[in-house]
Amino acid sequence: MEKRHTVKDHILSVILGILSIAWVYPIFMILFNSLKKETSISTGTAFELPTGESFTGLANYVNALTSKGFLSAFWYSLVITISSVALILICCSMCAWFITRVDAWYSKGLYYLFVFSMVVPFQMLMFTLSATADRLHLSSPYTICVIYLGFGAGLAVFMFCGFMKSIPITIEEAAMIDGCNPIQTFFLVVLPILKPTLISVGILETMWLWNDYLLPYLVLDRTKGYMTIPILIQYFRGSFGKVEMGPMMASIMMNIIPIIIVYLLCQKHIIKGVAAGAVKG
Amino acid sequence: MEKAIKKYWPVFVLPTFAAFIIGFVWPFLQGLYLSFCKFITIDKASFNGLKNYIFALTEADFLHAFWFTALFTVVSTLCINAAALAIALALTREIKGTNLFRSVFFMPNLIGGIVLGYIWNILLNCVLTLLGKPLLSLHAPYGFIGLVILMCWQQIGYMMIIYIAGLQSIPGDYLEAARIDGANERQILWKVKLPNLMPSITICLFLSLTNGFKLFDQNLALTGGDPAHKTEMLALNIYQTFYGRSGPQWKGYGQAKAVIFCVLVIVISLCQLRATRSKEVQQ
């Protein structure tokens with residue numbers, strides 16, 4: 001049945017069009033402000049486009065990259081996100097497989113414990129968690145993934161369990177009869193079937209990790225200069241004295257640009273992942 | 001097969017479980033214990049009974065933060081879900097540009113709370129300056145409205161995706177049968193689409209309620225609790241009690257507040273799930 005476009009549909013298109021321009025406007029505003037001179041950025045003039053006088057090209061970007069520690073923050077953010085997501089995907093899918101395939105009191109108990117951990121707000125553990133991380137020497141960007149695995153396990157295990165239930169057990173049994181041990185069965189049979197779920201969970205965890213502020217802020221050892229991008233941006237504002245608006249705007253843009261590129265490249269997966277995650281949640 | 005898997009538990013469960021103990025179970029239990037103590041560092045904690053709780057429940061700032069958070073959560077949940085549902089209904093009519101609109105509306109979700117907070121801080125302050133009104137951090141009602149706008153901008157896209165998925169999973173037969181029976185658009189919406197959408201509504205309400213209640217990054221970046229803690233939400237209030245004050249008693253108070261906060265979030269989640277689950281229909 002081919003749909004006819006009525007007048008109402010066209011009006012709706014126009015309204016949504018205007019709304020979506022309003023939706024992207026804030027990002028454009030940051031973009032053109034990041035191209036202005038430091039002195040031309042103020043609360044009253046944020047809506048003005050850069051003119052010949054106030055335009056500085058990429059000076060703010062150069063400043064943020066060279067003298068404000070943006071590169072190292074970017075690197076640490078990248079390291080933390082990639083290592084944590086990889087660890088969460090592998091460990092939690094294995095754990096979820098065990099929980100769904102072993103029918104015992106402890107696997108049920110573990111499952112409910114993971115679900116419980118999803119609801120608990122971070123403020124409940126922030127002080128004790130950062131102290132624990134400190135004591136176990138997990139407060140560097142290369143080891144913080146252990147903390148993330150522990151704190152982020154709830155959502156991942158929960159989602160994996162939801163999908164795992166729909167995988168027919170007969171395939172795994174066939175693999176075992178053919179002589180696979182459980183490890184081989186998992187990596188050669190279960191994991192490939194799980195690929196769409198891995199992508200969904202990976203996307204949700206990446207969205208959370210890349211933007212997470214409070215956990216790395218409290219856990220990472222800042223005396224050694226470990227910062228992620230959200231911490232750096234907060235640092236521009238939170239530190240005493242004058243707020244350096246120019247480099248801050250540039251840093252915000254450089255935080256957003258990779259996200260938008262990734263979003264444009266794998267939009268389909270991201271939107272599917274969100275929808276799938278919600279249905280199971 | 002089960003027996004074979006059981007034998008391999010150190011491989012399958014142990015890494016996650018060990019990290020879970022470090023990252024959740026142990027800090028959680030320790031936090032629970034410390035909420036009854038007076039402490040600066042964990043090693044030097046002295047038992048304090050219920051004093052922390054009594055303080056927390058009588059502190060004016062904390063109570064204000066509670067009501068502020070509750071009001072914010074209700075207002076933002078209603079705005080987000082109403083708008084997201086409306087947009088989802090519009091985008092499932094197969095109008096022109098559906099994919100583009102969907103992409104645009106979803107995008108703010110990918111940007112983190114701190115960054116979003118600053119973007120809106122700059123934008124809203126500019127609007128207020130041009131109107132000759134006090135800035136966000138000087139006038140609490142504006143701070144409240146700013147937070148609601150910010151949350152709407154961020155969350156509508158996410159909820160919209162869930163509603164679209166829900167709408168698309170309603171079998172076409174239902175709509176067709178309703179049309180043949182002579183139902184008009186409004187009747188179809190209220191009698192067919194919405195009842196079948198209840199699972200999505202449950203999820204979205206759950207997510208927006210808990211997100212609103214647990215909000216921290218956006219609050220910190222947009223207003224920072226100014227003026228005078230008037231726009232401080234619970235999470236930020238707890239954070240400030242922990243790290244914004246000096247004195248041996250504050251960390252204990254903060255931990256007690258955190259336990260109260262945690263119980264609140266759990267109770268709200270359970271009540272909400274029970275209330276809307278009962279309204280779901282079987283397909």
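At what angle do the axes of helix α5 (residues 60–91) of chain B and helix α11 (residues 198–213) of chain B cross? In this predicted model, the two axes cross at roughly 145° and come within 9 Å of each other. Chain B, to which both helices belong, has 14 helices and two strands, and 73 of its residues are in contact with 70 residues of chain A.

**Chain B as a whole**

- Taken along the principal axes, the box filled by the C-alpha atoms of chain B is roughly 75 × 75 × 30 Å.
- Chain B contains 283 residues, of which 43% are buried.

**Helices α5 and α11 of chain B**

- The crossing of α5(B) and α11(B) is right-handed.
- On the α5(B) side the residues that meet α11(B) include B:Thr69, B:Phe72, B:Thr73 and B:Ile80, while the α11(B) side includes B:Cys204, B:Leu205, B:Ser208 and B:Phe213.
- Sorted by class, this contact of α5(B) with α11(B) has seven nonpolar and seven polar residues, and no charged ones.

**Where chain B touches chain A**

- The contact involves 73 residues of chain B and 70 residues of chain A, and on the chain B side the largest share, 13 residues, comes from helix α3 (residues 14–34) of chain B.
- The side of chain B that touches chain A is made up of 53 nonpolar, twelve polar and eight charged residues.

**Domains and helices of chain A**

- Chain A is divided into domain 1 (7–58) and domain 2 (68–239), and the C-alpha centres of these two domains of chain A lie 37 Å apart.
- Helix α3 (residues 70–101) of chain A packs against helix α9 (residues 195–211) of chain A at an angle of about 145°, the axes being 10 Å apart, and the crossing of α3(A) and α9(A) is right-handed.
- Residues that make this contact include A:Ser77, A:Ile80 and A:Val85 of α3(A), together with A:Leu198, A:Val201 and A:Trp210 of α9(A); by class, the contact of α3(A) with α9(A) has eight nonpolar residues, six polar and one charged.
- Helix α12 (residues 245–265) of chain A, with 21 residues, reaches 30 Å from its first C-alpha to its last, which is close to the 30 Å expected at 1.5 Å a residue.
- The buried residues of α12(A) include A:Met245, A:Gly246, A:Pro247, A:Asn255 and A:Ile256.

**Single residues to look at**

- A:Leu113 is found in helix α4 (residues 105–119) of chain A, and it counts as partly exposed because it has 16 C-beta neighbours inside 10 Å.
- Although A:Leu113 and A:Gly154 are 41 residues apart in sequence, their C-alpha atoms are 8.0 Å apart in space.
- B:Glu94, in the loop between α5 and α6 (98–106) of chain B, has a phi near 60°, a positive value in a residue other than glycine; B:Glu94 is exposed, because 10 other C-beta atoms lie within 10 Å.
- B:His229, which lies in the loop between α12 (217–222) and α13 (234–243) of chain B, has a positive phi of about 65° although it is not a glycine, and B:His229 counts as partly exposed because it has 19 C-beta neighbours inside 10 Å.

Definitions and conventions: Residues are numbered from 1 along each chain as its sequence is written. Chains are lettered from A and ligands numbered from 1 in the order in which they are written. This is a predicted model: local features need pLDDT of at least 70, side-chain atom pairs count only at pLDDT 80 or more; totals for chains, interfaces and linings use all residues. Two residues are in contact if their C-beta atoms, placed from the backbone, lie within 7 Å. Helices (H or I, at least four residues) and strands (E, at least two) are DSSP runs, numbered from the N terminus. Ala, Val, Leu, Ile, Met, Phe, Trp, Tyr, Cys and Pro count as nonpolar, Asp, Glu, Lys and Arg as charged, and the others, Gly among them, as polar. The expected span of a helix is 1.5 Å times one less than its number of residues. A residue is buried if 20 or more other C-beta atoms lie within 10 Å of its own, exposed if 12 or fewer, and partly exposed in between; C-beta atoms are placed from the backbone. Axes are lines fitted to C-alpha atoms, for helices over the stretch in contact, and angles run from 0 to 180 degrees between N-to-C directions. A crossing is left-handed if the near helix is turned anticlockwise from the far one by less than a right angle, and right-handed if clockwise. Domain bounds come from an automatic or database domain assignment.
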